[in-house]
Amino acid sequence: MTLTLAEAKQIVDAVLSHAHDHSAKVSTCVCDENGRFIALNRMDGAAATTNRQAIGKAIASASTGRPSDYMPNPDEVSGGFATVTGEGMPLNHRQGGLPIYRDGALIGACGVSGAGANSMDQACAQAGIGAVDGLRSDDLTVFPGCC
């Protein structure tokens, strides 16, 4: 059930393609369900700060299984994220990060930053996740109408 490096690369490629088609220069981060990086990429010309923002959005989304702009109650965040944030990784609760589900199980998240608007960051993340067969950015059984 884990998210593979090959799948993470497919997500990144689709994010970058979507961003390019919309004249955006972004960074994207794909992490596993524990908030650990699988892939990180910054387009040529994207601001250096977009890396950290994309990372924060991915981690925020993976921590709750919801879009990164969702603000969880403290008891909704798993203990593994205390380790990730304790290692200096940011949480960024702005739009642009989406969870990644396979067969109803949370397997990771994708965060994007730099498109000029957080809603466009999220559209890029959705395009990335949607490019891989069998992956979804929502689990409608848990969060009806979520994304």
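This is a predicted model: local features need pLDDT of at least 70, side-chain atom pairs count only at pLDDT 80 or more; totals for chains, interfaces and linings use all residues.
Good morning, colleagues. Side chains of opposite charge can pair when their charged atoms come close. How many salt bridges does a search of the whole structure find? The search returns 3, and I shall take each in turn.

I begin with Glu-7 and Arg-102. The closest N and O atoms of this salt bridge are 2.8 Å apart. Glu-7 belongs to helix 1, residues 5–21, while Arg-102 belongs to strand 3, residues 97–102, so the pair ties together parts that are 95 residues apart in sequence. Are these two residues buried or exposed? Glu-7 has a relative accessible area of 12% and is buried. Arg-102, at 15% relative accessibility, also counts as buried because the cut-off is under 20%.

Next, please turn to Lys-57 and Asp-121. Their side chains meet in a salt bridge, with an N to O distance of 2.8 Å. Which helices does the pair link? Lys-57 sits in helix 2, residues 49–64, and Asp-121 in helix 4, residues 118–130. These are distant parts of the chain, the two residues being 64 apart. Both Lys-57 and Asp-121 are buried.

Finally, I come to Asp-138 and Arg-136. These residues form a salt bridge whose closest N and O atoms lie 2.8 Å apart. Asp-138 counts as buried, with a relative accessibility of 10%. Arg-136, by contrast, has a relative accessibility of 42% and counts as partly exposed, because that class runs between the 20% limit for buried and the 50% limit for exposed.

Thank you for your attention.

Key:
Residues are numbered from 1 along each chain as its sequence is written. Side-chain values use heavy atoms; hydrogens and water are left out. A salt bridge is a side-chain nitrogen of Lys or Arg within 4 Å of a carboxyl oxygen of Asp or Glu. Helices (H or I, at least four residues) and strands (E, at least two) are DSSP runs, numbered from the N terminus. Buried means under 20% relative accessible area, exposed over 50%, partly exposed in between (1.4 Å probe, protein chains only).
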